[in-house]
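Here is a short tour in questions and answers. Please look at the structure first.

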Amino acid sequence: MIWLTWRQSRVQTLVVAGALAILAVILAITGPQLVHLYDTTVATCHAHHDCQIAINAFTSRDGALQNITSFLIQVVPGLLGVFWGTPLIARELEARTHRLAWTQTVTRGRWLAVKLGLTALASMAAAGLLTLMVTWWSSPFDRIMNSPLDPGVFSERGIAPIGYAAFAFALGVTAGLLIRRTVPAMAVTVAVFAGVQAAFGLWLRAHLIAPIRAVSPLIMGQMTGVGITTPGNHLSVSVTPNLPGAWIYSSQVTTATGSTNLGTAPQACFHNLPHLCNGAISRLHLLQIVTYQPASRYWAFQWYETAIYVALALALAGFCFSWARRSVS
Amino acid sequence: MTSAVLRAQGLGKRYRRRWALSECTLDIPAGRVVGLVGPNGAGKTTLLHLATGLLQPTRGTIEVLGGRPAAGPAQLARVGFVAQDTPTYAGMTVDDHLRLGARLNPGWDAAMARDRIERLGLDPRQRAGKLSGGERAQLALTLAIAKKPELLILDEPLASLDPLARREFLQGLMEATVDQGLSVVLSSHLVADLERVCDYLIVLVASRVQVAGEVEQLLATHHLLTGPRRDLATLPAGQQVISASHTDRQTTLTVRVGTPILDPAWTVSPVGLEDLVLAYMSRTTKADRKPLLEVQR
């Protein structure tokens, strides 16, 4: 059965392995150059007081490759699900070859276990190698960005893409055996996978761990804007909390009693007198309330997300097994 | 004592609302080449899939070689199956298919498989997708035979073959049957295909078994009667009318009897297998759809 699985999937496996090898070579050549450049420019920029210039120069390096790696890591788990997962059973059902396979001296459960298990592991390994390479190659850029929990970056690094690949694969297999036609099942796989990814990124991930709600007196140094609303002449204050790498859900300034209505702005603030205005604001004893996830929770989020996707994949695989035990001819 | 290759008791299979097979009771002895005949959609494939374990019965029981179909590797090893349209992996070569057979079947007879492929003149490096219908059928048959089953089940293996390929396929099948002492069940919607090879016949029409029995026995107990027009109610009790046609003056009947026909009014002539099957097929278009009892052996 292992031989048959290999025989049926060797072309696709070799294509993906070849593509990964080419990417590995490119990244292995450019990666060390990036690290060297980072060490000689960005890391030492404080001494030369030209950090912004150094960072701008650095982040524009290998722009095409940055885009390509970002694109690959986003689409590859889904593509593996579509092109490896969906046809796994759908193609057998379409060509009726399952009738040939299921009447050999191999039970249906074993047939599915080997086929599903090996191909799932292969797609997880492919996604794992890809994310390993991309995470390593992008690390100098990520150090500059320092926002590992940012939704745009989070799902493209670490171990989460392995979970995505497992889920996309199991989803593809399930869609294939329910719809029994490869091409429509591919479309369904893409739609459902994209929907789950979007729901996870936009909504679910933020609820995985309860955020920290930090209440503190307004720190004048973190104040980044003072405004006066018209009409009403109400004061509005914005702050940028000093939380490097944190994922900030919200940042609010309230009165000492917790009201978001800060009242009428002090007179000094109407006359474009920053020092007097700041002094007046500090006398109001405002509070700043920040809801956020600290950067230290990065790996907790990675593990949770990966575990949830893998659990979904296992549930789908369980469904596939119960399907195989029931009879389909 | 279980010399039955296939035993079904009240077997039924329903797809959603439609019964594809119902109240099927069969007891097929070992060592026979069984023809399963019926029009398209009669339930032949359903019955064969139940026998291979590709389907589970909705009702009743089925036993193949004394075991539950597809119950485990041991049971799977004992039954060879060639599915309708003889599916093979289009992208895999003939040689790959033989290797598939060898890897997935502990009882695989590699020498015999290679020998068969060689005699058929198939190129081992040819992809199965490029084979003609006849060659593909032969490849599928080779896979099924070389796993050394005790029972070989073939679902409409001849349907897509041209006459020459049909003859070669049946020839190959018969050789293997004799060599290995196989029991065979093969289905077809054409009696002519089966006439030369089968010694046991099952007629399946509209999801029900109409008649089942040894071909010789069937031929010996069915007669074609021709005589002056006559009311069917006046026939003796032992004569069961399978089909009847009347003209103004004449009545033609296909009847099934256990005893010789003594009535001098009838001209009695033997029934060919094809006419016999057609008589059963046409019968089901009428109201009487009760399955008949199996021929006593």
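## A tour of two chains

The model is predicted. Taken over C-alpha atoms, the centres of domain 1 and domain 2 of chain A are 44 Å apart.

Visitor: What bounds does domain 2 of chain A have?
Guide: Chain A is divided into two domains. Domain 1 covers 2–209 + 299–325. Domain 2 covers 219–285.

Visitor: How many residues of domain 2 of chain A are in contact with domain 1 of chain A?
Guide: From domain 1 of chain A, 6 residues take part. They divide into 3 nonpolar, 2 polar and 1 charged. On the side of domain 2 of chain A, the count is 4 residues.

Visitor: What distance separates the domain centres in chain B?
Guide: The domain assignment of chain B gives domain 1 as 4–205 and domain 2 as 216–283. Their centres, taken over C-alpha atoms, are separated by 34 Å.

Visitor: Which elements give two or more residues to the side of domain 1 of chain B that touches domain 2 of chain B?
Guide: This contact takes 8 residues from domain 1 of chain B and 6 residues from domain 2 of chain B. By class, the domain 1 side has 7 nonpolar, no polar and 1 charged residues. The elements asked for are helix H7 (191–195) and strand E8 (200–205) of chain B.

Visitor: Which helix gives the most to the side of chain A that touches chain B?
Guide: The contact between the chains takes 17 residues from chain A and 24 residues from chain B. Helix H1 (2–42) and helix H5 (98–101) of chain A each supply at least two residues of the chain A side. The most, 3 residues, comes from H1(A).

Visitor: How many charged residues has the side of chain A that touches chain B?
Guide: Sort that side by class. It has 7 nonpolar and 7 polar residues. The charged residues number 3.

Visitor: Which residue stands opposite A:Gly225 in E3(A)?
Guide: Strand E2 (residues 223–228) of chain A pairs with E3(A) in the antiparallel sense over 5 bridges. The two strands form a hairpin with 6 residues between them. In its turn, A:Gly232 has a positive phi of about 110°. Opposite A:Gly225 stands A:Ser238.

Visitor: Which are the edge strands of the open sheet in chain B?
Guide: The sheet has 4 strands in the order E11-E12-E10-E13, with antiparallel pairing. An edge strand pairs on one side only. The edge strands here are strand E11 (240–246) and strand E13 (267–270) of chain B.

Visitor: Which residue does B:Ala244 stand opposite in E12(B)?
Guide: E11(B) pairs with strand E12 (residues 250–256) of chain B in the antiparallel sense. The pairing runs over 6 bridges. Opposite B:Ala244 stands B:Leu253.

Visitor: At what angle to E11(B) does helix H9 of chain B run?
Guide: Helix H9 (residues 273–283) of chain B lies across strand E10 (222–228), E11 and E12 of chain B. Its angle to E11(B) is about 85°.

Visitor: Is A:His285 buried or exposed?
Guide: A:His285 lies in the loop between helix H11 (274–282) and strand E5 (287–293) of chain A. Its phi is near 55°, a positive value in a residue other than glycine. A:His285 has 10 C-beta neighbours inside 10 Å, so it counts as exposed.

Terms used:
Residues numbered from 1 in each chain as written. Chains lettered and ligands numbered in written order. Predicted model: local features only at pLDDT ≥ 70, side-chain atom pairs only at ≥ 80, totals over all residues. Pairing = 2+ DSSP bridges. Contact = placed C-beta atoms within 7 Å. Axes fitted to C-alpha atoms, helices over the stretch in contact; angles between N-to-C directions. Nonpolar A, V, L, I, M, F, W, Y, C, P; charged D, E, K, R; others polar. Domains from an automatic or database assignment. Buried ≥ 20, exposed ≤ 12 C-beta atoms within 10 Å, placed from the backbone.
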